[in-house]
Amino acid sequence: MDPTGDLLLETPADGGLTTGAVARLLGVAPTTLRSWDRRYGIGPAAREDGRHRRWTGADIAALRNMCALTSAGLPPAEAARTVLAGTARAGTSSTGPSRAEELGAGASGAAAAPRPAHASRASGPLPVGRARQECRGLARAAVRLDAPALDELLTAVLDRYGLPAAWDEVMMPVLHAVGRKWETAGERYIEVEHLLSWHVSGALRGVAAGRAPAPGVGAALLACAPGETHTLALEALAATLTQQGLPVRMFGAAVPAGALEDAVRRTGPAAVVLWAQSRRTASPALVARLDAIEWGVRGARRRPVVCVAGPGWAGRQPPGARHLSGLADAVGALGTL
């Protein structure tokens with residue numbers, strides 16, 4: 001017999017579990033449970049001393065339904081309404097598939113997530129492959145041009161997984177899927193890509209700083225190469241560094257070479273990250289010029305560590321530059337400078 005299952009069905013002897021204990025049982029961050037309680041009313045029926053949450057067996061069963069529905073791609077607000085209305089079914093029952101299973105299988109009709117009256121003409125599923133369930137929910141919302149659902153789902157995955165995992169395992173796979181669909185469908189999916197990119201960018205900018213940067217810590221200067229307009233990966237890096245209390249100067253898309261060199265001289269960063277999405281925009285000559293910039297008093301001059309990132313640098317790492325292979329690698333490398 002599964003002791004976890006028993007715990008979820010019975011009220012603990014001491015009158016309820018703490019939020020931390022429930023979070024460990026369900027594999028959900030405590031901040032997510034508090035957010036569901038505060039925003040949607042999916043919380044404990046009673047509180048110890050009127051303040052501290054104490055979760056009973058019935059409360060935990062509701063959370064299991066909430067987890068199943070959001071993992072299947074339902075926006076948190078709608079999942080909460082379903083749970084509170086008593087219509088959610090967790091797992092498989094003798095009468096048929098659960099609500100979560102129907103959603104995960106892409107069921108239509110009454111069992112499917114509601115669609116806005118004016119859905120995008122770019123209908124059809126996005127090729128997300130064997131990705132997290134949240135990817136399918138985010139992809140469906142993007143194709144429907146459902147802006148409120150996009151915001152809810154992005155907030156939920158950031159709360160649940162944290163920024164690096166949310167970017168690597170949910171946001172980036174869906175963005176890539178939109179790009180692949182656009183390549184094969186012409187301009188039919190450009191509105192889907194633009195809307196999704198806008199909301200992902202907004203979610204990244206909304207990530208709060210974890211702490212103020214320590215005095216004396218050198219900033220990381222982030223910029224796209226001249227002519228390069230793809231900024232979302234740099235925005236994810238900027239948000240993660242900010243969350244970890246590391247100073248950032250984010251310059252964004254298509255920074256002219258002269259302006260970037262001037263910014264390095266003026267700010268004296270510890271590192272410069274130069275992003276290139278394509279080989280056309282990856283400029284080894286610019287890397288060499290950035291690497292040669294010096295500042296400071298004579299005899300104690302400093303130079304930035306120049307890092308290159310993005311698929312445009314694949315197979316052509318410039319001399320003296322450090323190649324960042326992904327978000328985790330970039331955060332680790334810049335955190336040591």
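## Helix 8 and helix 10

Axes are lines fitted to C-alpha atoms, for helices over the stretch in contact, and angles between N-to-C directions run from 0 to 180 degrees. Helices (H or I, at least four residues) and strands (E, at least two) are DSSP runs, numbered from the N terminus. With that in hand, let's look at a first pair. The axes of helix 8 (residues 147–161) and helix 10 (residues 190–205) come within 10 Å and cross at roughly 40°. That makes helix 8 oblique to helix 10; angles under 35 degrees count as roughly parallel, over 145 as roughly antiparallel, 65 to 115 as roughly perpendicular and the rest as oblique. The crossing of the two is right-handed. A crossing is right-handed if the near helix is turned clockwise from the far one by less than a right angle, and left-handed if anticlockwise.

Which residues in helix 8 and helix 10 meet? On the helix 8 side they are Ala147, Leu150, Asp151, Leu154 and Leu158, and on the helix 10 side Leu195, Leu196, His199, Val200 and Ala203. Contact here means heavy atoms within 4.5 Å. The residues of this contact divide into eight nonpolar, one polar and one charged. In this scheme Ala, Val, Leu, Ile, Met, Phe, Trp, Tyr, Cys and Pro count as nonpolar, Asp, Glu, Lys and Arg as charged, and the others, Gly among them, as polar.

## The model as a whole

This is a predicted model, in which local features need pLDDT of at least 70 and side-chain atom pairs count only at pLDDT 80 or more, while totals for chains, interfaces and linings use all residues. Residues are numbered from 1 along each chain as its sequence is written, and side-chain values use heavy atoms, with hydrogens and water left out.

The protein has 14 helices and seven strands. Of its 337 residues, 46% count as buried; buried means under 20% relative accessible area, exposed over 50%, and partly exposed in between (1.4 Å probe, protein chains only). Among contacts with a separation of 6 or more, residues 24 or more positions apart account for 68%.

Just after helix 7, leucine 145 takes a positive phi of about 60°.

Helix 5 (residues 76–84) is largely enclosed too, because seven of its nine residues are buried. Those seven are Pro76, Ala77, Glu78, Ala79, Ala80, Thr82 and Val83. Just after helix 5, glycine 86 takes a positive phi of about 80°.

An open sheet of five strands has the order 4-3-5-6-7, with parallel pairing; two strands pair if DSSP finds at least two bridges between them. At the edges are strand 4 (248–252) and strand 7 (322–324), each pairing on one side only. From one strand to the next, the twist averages 20°.

Strand 5 (271–275) is joined to strand 6 by five bridges, and tryptophan 275 stands opposite alanine 309 in strand 6. Three bridges join strand 6 (residues 305–309) to strand 7, where arginine 322 stands opposite cysteine 307. Strand 6 is mostly covered, with four of its five residues buried.

## A buried cysteine

Cysteine 224 is found in strand 3. Is cysteine 224 buried or exposed? Its relative accessibility is 0%, so cysteine 224 counts as buried. Residues that cysteine 224 touches include His230, Leu234, Gly252, Leu274 and Trp275. The C-alpha atoms of cysteine 224 and threonine 281 are separated by 8.9 Å, although the two residues are 57 apart along the chain.

## Helices against the sheet

Helix 12 lies across strand 3 (220–224), strand 4 and strand 5, running at about 175° to strand 3. Helix 14 (residues 327–335) also packs on the sheet, touching strand 3, strand 5, strand 6 and strand 7, and its direction makes about 135° with that of strand 7.

Helix 12 has a helix partner as well. The axes of helix 12 (residues 257–267) and helix 13 (residues 284–291) come within 10 Å and cross at roughly 20°, which means helix 12 is roughly parallel to helix 13. This crossing is right-handed. Ala257, Leu260, Glu261 and Val264 in helix 12 meet Leu286, Arg289 and Leu290 in helix 13. This contact has five nonpolar residues, no polar and two charged.

Technical notes
Lists of a residue's contacts leave out its neighbours within four places in sequence.
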